[in-house]
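Subject: Structure handover

Hello,

Please find the structure below, for your own work. My notes on it follow.

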Amino acid sequence: MRYEASRRRGLDKERDLARKLWGMGFASMRAPASGARAKHIVQPDVIAAIDGAIFAFEVKVRSELPLYIEREQVEKLSEWARRAGARAFVAVYYSRAWRLVPLEAVSCAERTCRVGEEELSRALKLEDLRGLKASSR
């Protein structure tokens, strides 16, 4: 039961992020296979584009830190972004605000990757994303 509530909250936040980006002028969508249990799918949770710049997001919702992500998820996001020419972020909803951690700022060990308070303190805010559109590649 707890897993389902957590999963539903994550799906709601994926939709929320896509709506917020759309409202900021981005073309955005929640990826159809996002949240699917199919391990072979290489796809971000949310995709956004503006003026030829493409952004890919792995969405996480947390009430406390640090946040741990399976290394495989980070690698899949990185591969998708490489193929699409996109900038990749871990979009963390924490303390009622979105924080965008560039994928290269996520530290990874053998099986897991970590986002802590230090990474979140340097993360972009949602509105900062607009400034990146010209320098996306």
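Ser95 is found in the loop between strand 5 and strand 6 (97-102); helices (H or I, at least four residues) and strands (E, at least two) are DSSP runs, numbered from the N terminus. This is a predicted model, in which local features need pLDDT of at least 70 and side-chain atom pairs count only at pLDDT 80 or more, while totals for chains, interfaces and linings use all residues. Residues are numbered from 1 along each chain as its sequence is written, and side-chain values use heavy atoms, with hydrogens and water left out.

Backbone

Ser95 has a phi near 55°, a positive value in a residue other than glycine. Its relative accessible area is 58%, so Ser95 is exposed (buried means under 20% relative accessible area, exposed over 50%, partly exposed in between, with a 1.4 Å probe and protein chains only). Asp51, in the loop between strand 2 (46-50) and strand 3, also has a positive phi, near 50°. Asp51 counts as exposed because its relative accessibility is 65%.

The peptide bond from Leu65 to Pro66 is cis, with omega near 0°. Pro66 lies in the loop between strand 3 and strand 4. For reference, most residues other than glycine have a negative phi, and most peptide bonds are trans.

Lys60

Lys60 sits in strand 3 (residues 53-61). It counts as buried because its relative accessibility is 13%. The side chains of Lys60 and Gln73 are joined by a polar contact of 3.2 Å (a pair of N or O atoms within 3.5 Å; within protein, one must be able to donate a hydrogen and the other to accept it, and residues adjacent in sequence count only if both atoms are side-chain atoms). Leaving aside residues up to four places away in sequence, Lys60 touches Leu67, Ile69, Gln73, Val90, Ala91, Val92 and Tyr93, where contact means heavy atoms within 4.5 Å.

Cores

A nonpolar core is a set of buried Ala, Val, Leu, Ile, Met, Phe, Trp, Tyr and Cys residues joined through side-chain atoms within 4.5 Å. The largest one has 22 residues, of which Leu67, Val90, Val101, Leu103, Val106, Val115 and Leu120 touch the most other members. At least two residues of this core come from each of strand 3, strand 4 (67-70), helix 2 (71-84), strand 5 (87-94) and strand 8 (112-115). Helix 2 gives the largest share, four residues. A second, separate core has 21 residues, including Met24, Val46, Phe55 and Phe89.

Regards
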